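This briefing concerns the structure displayed below.

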Amino acid sequence: MKLVRGSALIGLALAAGSACGTFAQNPGAGVTSTPRALYTDEQGDRGAVVFGAACAGCHSEGELSGRLFQIGWQGKSVGALFTLIRTTMPFDRPALLQEHEYADVTAYILRLNGRPARGDELQSSQPLEQVELFPASGLAGSATSDP
Ligand code: HEC
């Protein structure tokens with residue numbers, strides 16, 4: 001996961017350093033933006049509670065959503081975000097939460113970024129590495145993005 005985290009941070013650094021920098025992002029071969037299922041509204045609600053309890057001490061919701069966050073994660077998969085959260089967060093106590101709580105809070109971050117609830121709950125057993133996190137057309141938190 002170091003690579004993914006590094007790439008995300010490089011993306012963020014570029015975005016912060018230059019308003020119109022060039023982003024050498026991996027196009028994400030094999031990543032699709034058309035999942036049959038992503039998460040449910042109920043799961044997003046539960047994720048908001050998890051976020052408040054386990055993440056908000058260090059992160060604002062705005063920090064994990066919006067254009068800058070999405071540029072950093074462009075071309076990455078939902079699975080990459082889920083794995084980063086599950087294996088490295090909370091930063092001071094990784095793997096503190098239950099598996100379903102990590103799934104819930106990942107769903108909440110998808111919601112914060114305008115990905116609509118769809119189908120079944122997000123679960124680690126799904127092929128999330130093949131689901132694109134932020135399709136290029138859906139940047140800037142457009143809630144109308146519905147690939
Ligand atoms: C004790 C403080 C702390 C807590 C609590 C914490 N984080 Fe983090 N988080 C960090 C730090 C520090 C980084 C940067 C880590 C790095 O780059 O190595 C980070 C990075 C992240 C990133 C990557 C951000 C990006 O822009 O790419 C995500 C996503 C994330 N955290 C989600 C969460 C979630 C979800 C929770 C709650 C389950 C959480 N964090 C709890 C400190 C925290």
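Helices α2 and α5 are roughly perpendicular to each other, a label given to angles of 65 to 115 degrees, whereas angles under 35 degrees count as roughly parallel, those over 145 as roughly antiparallel and the rest as oblique. Their packing angle is about 105 degrees, and their axes lie 7 Å apart. Axes here are lines fitted to C-alpha atoms, for helices over the stretch in contact, and angles run from 0 to 180 degrees between N-to-C directions. The model is a predicted one, in which local features need pLDDT of at least 70 and side-chain atom pairs count only at pLDDT 80 or more, while totals for chains, interfaces and linings use all residues. Residue numbers start from 1 along each chain as its sequence is written.

**Overall architecture**

- The chain contains five helices and zero strands, helices being DSSP runs of H or I with at least four residues and strands being runs of E with at least two, numbered from the N terminus.
- Along the sequence, the pattern is α-α-α-α-α.
- Of the 147 residues, 31% count as buried; a residue is buried if 20 or more other C-beta atoms lie within 10 Å of its own, exposed if 12 or fewer, and partly exposed in between, with C-beta atoms placed from the backbone.
- Among contacts in the chain with a separation of 6 or more, 83% join residues 24 or more positions apart; two residues are in contact if their C-beta atoms, placed from the backbone, lie within 7 Å.

**The contact of α2 with α5**

- Helix α2 contributes Gln43, Gly44, Arg46, Gly47, Ala48, Val50 and Phe51 to this contact, and α5 contributes Glu101, Asp104, Val105, Ala107, Tyr108 and Arg111.
- By class, these are six nonpolar, three polar and four charged residues, where Ala, Val, Leu, Ile, Met, Phe, Trp, Tyr, Cys and Pro count as nonpolar, Asp, Glu, Lys and Arg as charged, and the others, Gly among them, as polar.
- Ala48, located in α2, counts as partly exposed because it has 18 C-beta neighbours inside 10 Å.
- The C-alpha atoms of Ala48 and Ile109 are separated by 8.6 Å, although the two residues are 61 residues apart along the chain.

**Helix α2**

- Helix α2 spans residues 41–54; its 14 residues reach 20 Å from first C-alpha to last, close to the 20 Å expected at 1.5 Å a residue. The expected span is 1.5 Å times one less than the number of residues.
- The buried residues in α2 are Gln43, Gly44, Arg46, Gly47 and Val50.
- These residues lie on the same side of α2 because they cover an arc of only 160 degrees around the axis, the arc being that of the directions from the helix axis to the C-beta atoms.
- Asp41 and Glu42, on the other side of α2, are exposed.
- The cover over the buried residues of α2 includes α5, residues 99–112.

**Helix α5**

- The end C-alpha atoms of α5 are 20 Å apart, which agrees with the 20 Å that its 14 residues should span at 1.5 Å a residue.
- Helix α5 is largely enclosed by the rest of the structure, because 11 of its 14 residues are buried.
- Those buried residues are Tyr102, Ala103, Asp104, Val105, Thr106, Ala107, Tyr108, Ile109, Leu110, Arg111 and Leu112, and they pack against α2 and α4.
- Leu112 counts as buried because it has 20 C-beta neighbours inside 10 Å.
- Not counting residues up to four places away in sequence, Leu112 touches Glu61, Leu64 and Ser65.
- Leu112 and Gly62 are 50 residues apart in sequence, with a C-alpha to C-alpha distance of 8.3 Å.

- Thr87, in helix α4, counts as exposed because it has 12 C-beta neighbours inside 10 Å.
- The C-alpha atoms of Thr87 and Tyr102 are separated by 9.5 Å, and the two residues are 15 residues apart along the chain.
- Pro90 sits in the loop between α4 (78–88) and α5, and the peptide bond from Met89 to Pro90 is cis, with omega near -10 degrees.
- Ala95 also lies in the loop between α4 and α5; its phi is positive, about 65 degrees, although Ala95 is not a glycine.
- Ala95 counts as exposed, with 12 C-beta neighbours inside 10 Å.
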